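These are my notebook entries from a first walk through this structure. Do follow along with the sequence and the model beside you.

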Amino acid sequence: MDFLKGMIQDLKDKNLFTELPVLGTEQKNRVVLNGKEVIIMCTNNYLGFANHNRLREAAKKAIDTWGFGAGAVRQIAGTMEIHIQLEEMLAEYKHTQAALVFVAGIAANRGTIQALMGEEDAIISDELNHGSIIDGVRLTKSKRFVYPHLDMEGLKKVLMEAKEARRRLIVTDGVFSMDGDIAPLDRIVELAEEYDAMVMVDDAHGDGVLGKDGRGIVDHFGLEGKVDIDMGTLSKAFGSLGGYIAGRKDVRDYLINTARSFIFTTAHPPSVAAATMEAIRMIQDEPEHLQQLWENTRYFKTAMIDLGFDIGYSQTPITPVMAGESKEAMELSRQLFEEGLFAKPIVFPLVAKDKARVRINVTAQHTREDLDEAIAIFENVGKRMKLI
Ligand SMILES: *Cc1c(COP(=O)(O)O)cnc(C)c1O
């Protein structure tokens with residue numbers, strides 16, 4: 001496989017090659033990363049649940065009761081009562097008839113879109129949708145329509161173009177992961193009603209972050225019952241692992257029988273289901289985590305704006321710190337790391353060539369001291385690099 005040498009060099013030439021950063025500690029506000037102690041600001045552990053004692057204890061207890069592995073795919077013999085309890089709890093939390101858990105968010109998107117949409121159908125997608133949605137679309141033979149990011153006139157136009165299709169599905173991220181902006185889901189639902197389309201929203205970054213008790217974007221806009229498929233991940237704010245869809249019971253029944261990423265993979269270890277249930281309980285009975293997340297977000301963003309950084313148009317804890325071209329974003333990340341702050345650069349083709357950035361995710365776990373130190377590091381490095 002010597003051809004890989006040239007291909008790897010090609011990635012390096014384009015500034016697209018990275019090694020995996022390795023943590024020597026659990027996931028928390030300060031970690032040891034590649035051997036160095038740093039404040040970490042690029043995780044999706046929004047509420048600090050990934051390493052919370054309540055999740056640890058729930059998982060340990062489930063291991064004692066249920067063992068470690070599930071031992072089979074869901075459809076054959078891998079579904080335990082605890083998997084069903086999690087799905088019932090998710091449906092209740094999301095105020096839907098039913099929910100179905102997949103091994104990961106990427107599997108939920110791939111399986112759901114692949115199973116629901118046929119050759120005669122049309123899928124209508126925001127141009128900045130997440131890669132796992134794009135994968136799902138690619139697994140179908142449906143006609144594809146892409147509208148400019150958040151552009152409702154653009155959406156209307158493609159809905160008209162797609163009117164000959166048997167069925168239409170509009171699919172969008174709820175919170176966009178690169179910029180932290182929010183899809184105008186209320187307008188999307190209106191247009192979907194007008195043009196007879198279904199709506200699927202990927203709420204990976206809205207779950208546990210937006211809405212009452214972190215119920216997500218559907219609750220944020222008051223659209224309960226109006227979004228056909230509310231997809232989310234259990235791997236981010238919930239601190240666990242897995243993806244799910246919440247919606248009608250017949251959607252669940254159909255996907256169990258047709259979604260390939262559900263059928264051909266082993267069920268979660270029962271401890272994962274148990275820890276996830278504990279996360280859903282905790283987000284409802286300990287509102288302080290969500291309050292802290294938003295308080296930290298406001299504190300950090302205000303300080304960064306006061307320093308003169310360009311942090312884009314984010315409406316959520318995701319905070320892009322604009323650096324310019326790829327090389328500058330990589331240099332920013334490198335210098336931050338040297339001073340004790342870890343955040344990955346995000347470069348072309350993930351974002352436009354001149355919109356390379358370091359993406360910061362503030363979490364509820366960051367203390368005031370962490371944030372003040374991070375802000376001071378940004379001030380130093382930002383001045384040195386003439387970003388402020
Ligand atoms: C992270 C993410 C996913 C994938 O979720 P996993 O559970 O990590 O597989 C899907 N969609 C969006 C928008 C995401 O940010």
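Entry 1: I began with E1 and strand E2 (residues 36-40), which pair in the antiparallel sense over four bridges. I took helices (H or I, at least four residues) and strands (E, at least two) as DSSP runs, numbered from the N terminus, and two strands pair if DSSP finds at least two bridges between them. I looked up arginine 30 and found its bridge partner in E2, isoleucine 39. I then followed the open sheet, which has three strands in the order E1-E2-E11 with mixed pairing. Strand E1 (30-33) and strand E11 (341-342) each have a single partner strand and stand at the edges, so one side of each is left without a neighbour in the sheet.

**Entry 2: what I am looking at.** I noted that this is a predicted model, where local features need pLDDT of at least 70, side-chain atom pairs count only at pLDDT 80 or more, and totals for chains, interfaces and linings use all residues. Residues are numbered from 1 along each chain as its sequence is written, and side-chain values use heavy atoms, with hydrogens and water left out.

**Entry 3: the seven-stranded sheet.** In which order do the seven strands run? I read E3-E9-E8-E7-E6-E4-E5, an open sheet with mixed pairing. Its edges are strand E3 (98-102) and strand E5 (143-147); each has a single partner strand, so one side of each lacks a neighbour in the sheet. Neighbouring strands of this sheet are turned by 20° against each other on average, direction ignored. (Axes are lines fitted to C-alpha atoms, for helices over the stretch in contact, and angles run from 0 to 180 degrees between N-to-C directions.) I also checked strand E8 (residues 229-233) and strand E9 (residues 243-247), which pair in the antiparallel sense over five bridges. There, methionine 231 has isoleucine 245 of E9 as its bridge partner.

**Entry 4: helices on that sheet.** Helix H5 (residues 105-116) packs on the sheet, and its direction makes about 155° with that of E8. The strands that H5 touches include E3, strand E4 (122-126) and strand E6 (168-173). Helix H7 (residues 152-161) lies across E4, E5 and E6, running at about 160° to E5.

**Entry 5: two domains.** I found domain 1 (3-51 + 287-384) and domain 2 (53-285), with bounds from an automatic or database domain assignment. Their centres, taken over C-alpha atoms, are 26 Å apart. Across the boundary, 26 residues of domain 1 are in contact with 27 residues of domain 2, where contact means heavy atoms within 4.5 Å.

**Entry 6: salt bridges.** How many salt bridges are there between domain 1 and domain 2? I counted two, a salt bridge being a side-chain nitrogen of Lys or Arg within 4 Å of a carboxyl oxygen of Asp or Glu. The structure holds 29 salt bridges. I looked up lysine 94 and aspartate 207, whose closest N and O atoms are 2.7 Å apart in a salt bridge. This pair links distant parts of the chain, 113 residues apart: lysine 94 is in helix H4 (residues 81-94), and aspartate 207 is in the loop between E7 and helix H9 (217-220).

Entry 7: I saw that the peptide bond from phenylalanine 348 to proline 349 is cis, with omega near 5°. Proline 349 sits in the loop between strand E12 (345-346) and E13. Aspartate 196 is not a glycine, yet has a positive phi of about 50°; I found it in the loop between helix H8 (185-194) and E7.
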